[in-house]
Amino acid sequence: MISLANVLAKLRGGANPTKEEQIRRGQNAARLMKDETFQAAMEAVQEDLFKGLLVTTPEQAAMRGEIYHSLRALESVAAKLEAAVNNGAVEAREKRHLQVV
């Protein structure tokens, strides 16, 4: 089973992952991003946060700040996954190119 925690842990990996690790991480990230349950969860969390933002009162600036940071964290997760997908794709293309040459 693919979990967000497992994928993010694999994305962090070592400071200098091998090409094979980058390819594998990219494949794992792509699989997670295509997963309907993951997509629905990400959308639901984002929607809940936006709704929470809309119901705050002017006096609840601290709460709006927390919601803002939560939204940014959610965006950061998506960006890290997308970067892993892209890095893995680049490494896979390079590997194929080197095998042909």
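A salt bridge is a side-chain nitrogen of Lys or Arg within 4 Å of a carboxyl oxygen of Asp or Glu. The structure is a predicted model, in which local features need pLDDT of at least 70 and side-chain atom pairs count only at pLDDT 80 or more, while totals for chains, interfaces and linings use all residues. Residues are numbered from 1 along each chain as its sequence is written, and side-chain values use heavy atoms, with hydrogens and water left out.

**Overall fold**

- The protein chain contains four helices and zero strands; helices (H or I, at least four residues) and strands (E, at least two) are DSSP runs, numbered from the N terminus.
- Along the sequence, the pattern of the protein chain reads α-α-α-α.
- Of the 101 residues in the protein chain, 22% are buried, where buried means under 20% relative accessible area, exposed means over 50%, and partly exposed lies in between (1.4 Å probe, protein chains only).
- A contact means heavy atoms within 4.5 Å. Among contacts in the protein chain between residues at least 6 apart in sequence, 62% join residues at least 24 apart.
- The protein chain has an accessible surface of about 7300 Å², and carbon and sulfur atoms account for 57% of this surface. Accessible areas come from the Shrake-Rupley method with a 1.4 Å probe, and for residues only the protein chains shown count as cover.

- One of the salt bridges pairs E47 with K51, whose closest N and O atoms are 3.0 Å apart.
- Both E47 and K51 belong to helix 3 (residues 36-54), where they are four residues apart, about one turn of the helix.
- E47 is partly exposed, at 43% relative accessible area, and K51 is also partly exposed, at 47%.

- E91 and K19 form a salt bridge through their side chains, with an N to O distance of 3.1 Å. This pair links distant parts of the chain, since E91 is in helix 4 (residues 61-100) and K19 is in helix 2 (residues 19-34), 72 residues apart.
- K19 also meets E94 in a salt bridge, at 3.0 Å from N to O. Because K19 lies in helix 2 and E94 in helix 4, this pair ties together parts that are 75 residues apart in sequence.
- Salt bridges that share partners join K19, E91 and E94 into one network.
- K19 counts as partly exposed at 41% relative accessibility, as does E94 at 32%.
- E91 counts as buried because its relative accessibility is 12%.
- Leaving aside residues up to four places away in sequence, E91 touches K19, Q22 and I23.

**Nonpolar core**

- A nonpolar core is a set of buried Ala, Val, Leu, Ile, Met, Phe, Trp, Tyr and Cys residues joined through side-chain atoms within 4.5 Å.
- The largest nonpolar core consists of 10 residues, namely A29, A30, L32, F38, M42, L74, V77, L81, A84 and V85.
- At least two residues of this core come from each of helix 2, helix 3 and helix 4.
- Helix 4 makes the greatest contribution to this core, with five residues.
- In soluble globular proteins, nonpolar side chains tend to be buried together.
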